Amino acid sequence: MSYTLECQTLTKHYPQSLALNQINLQLGKGKIVGLLGPNGSGKTTLIKLANGLLTPTQGQVLINGQPPGIETKKVVAYLPERTYLPDWMTAGKAMAYFQDFYENFNMEKAEDMLVRLGIAKQDRIKTMSKGTREKIQLILVMSREADLYLLDEPIGGVDPAARDYILDTIITNYREDATVLISTHLIHDIEHVLDEVVFLNQGRIALHESVKQIQTERETTVDALFREVFRC
C-alpha cells in the first residue's frame, strides 16, 4: 500500500528540547486526519518537517514515497498557524500570486470560495480582521489540487459562527484521493469531519485510530477520549 505521508523513526531535536521522538506513522489517501495533542507535543514540528521547512535529526518523512523537496512542494499545500500575507496585497493579488507560483492552483475554485466567504477581490489585507486574513489563506491553500494538505490550526482565529463554514470549505474543496492533516485544539468543533485521529504526547504517538473505531468500540467521542488521555 502506498501512503501519502509516511514517517520512519522521525526524530527532531531542538537545542533545549526533543520535539519528536522516533515517530512511525502512515497516512493513506482520501483521509481527513486530526493531529491532536497539548501545547508542545510536536504537532507543528511534524507539519513543518512534512512541508520541508525543517530537517529531521534522525529518521525521515516521505511524501508519496519521496523526501521533502522540489517535487513534493508541488503536491503539498500548507496552511501555517500564523498569517503571512503582506499588508499591501489585496485578496485578488494574493490569488494571482498563487496562480503564478503553483501550477495546480484552481482560480475558478478560489473565486467561488471568495464569494461564498463574503470577501471582495479588492479588499486589502491591511484592512482585514485576523479571522478574514485566515480565511484568505485557507482559500489559497484549498484552491490547490494537492495530494497533501497540511493545516495548522485552520479554525483557531475565526469566531464560532464561522467555524462550520470553514470546515465545510475544507471538506468540499480537497481532492477525494488527497490526504488532509489538521492540527487543532478545537476537537469538539472538528470531530465530525475527521476520519482518523493521531494523538501526540511529548513527541511520541499516544494513539492512532479511526474516529469510527473510537465511537463504536470505545463508545466515546474523540473529545472525551482526548480529555481522558491528557488529563492533568
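Q: Is T11 buried or exposed?
A: A residue counts as buried when its relative accessible area is under 20%. In this predicted model, T11 has 3% relative accessibility, so T11 is buried. You will find T11 in strand β1, which covers residues 5–14.

Q: Which residues does T11 touch, leaving out those up to four places away in sequence?
A: On that count, T11 touches L18, L20, N21, Q22, P56, T57 and Q58. Look closely at Q22: its backbone nitrogen is 3.0 Å from a polar atom of the T11 side chain.

Q: How many residues of helix α1 are buried?
A: Start with the general idea: an α-helix has 3.6 residues a turn, so residues three or four places apart point the same way. Helix α1, residues 43–50, is mostly covered, with six of its eight residues buried. Those are K43, T45, L46, I47, L49 and A50. Just after α1 comes G52, with a positive phi of about 80 degrees.

Q: Which members of the largest nonpolar core touch the most other members?
A: Here we look for buried nonpolar residues joined through their side chains. The largest core has 51 residues, and I136, M142, Y149, L151, V197 and F199 have the most contacts with other members. Helix α5, residues 130–142, gives the most to this core, namely six residues. There is also a second, separate core of 22 residues, with C7, V61, Y78 and L150 among them.

Q: What does Y149 touch, not counting residues up to four places away in sequence?
A: Its contacts include A77, V141, M142, Y174 and L181.

Terms used: Residues numbered from 1 in each chain as written. Predicted model: local features only at pLDDT ≥ 70, side-chain atom pairs only at ≥ 80, totals over all residues. Heavy atoms only, no water. Core = buried A, V, L, I, M, F, W, Y, C linked by side-chain atoms within 4.5 Å. Buried < 20%, exposed > 50% of the residue type's maximum accessible area, 1.4 Å probe, protein only. Helix = DSSP H or I, 4+ residues; strand = E, 2+ residues; numbered from the N terminus. Contact = heavy atoms within 4.5 Å. Polar contact = N/O pair within 3.5 Å; in protein donor to acceptor, adjacent residues only side chain to side chain.
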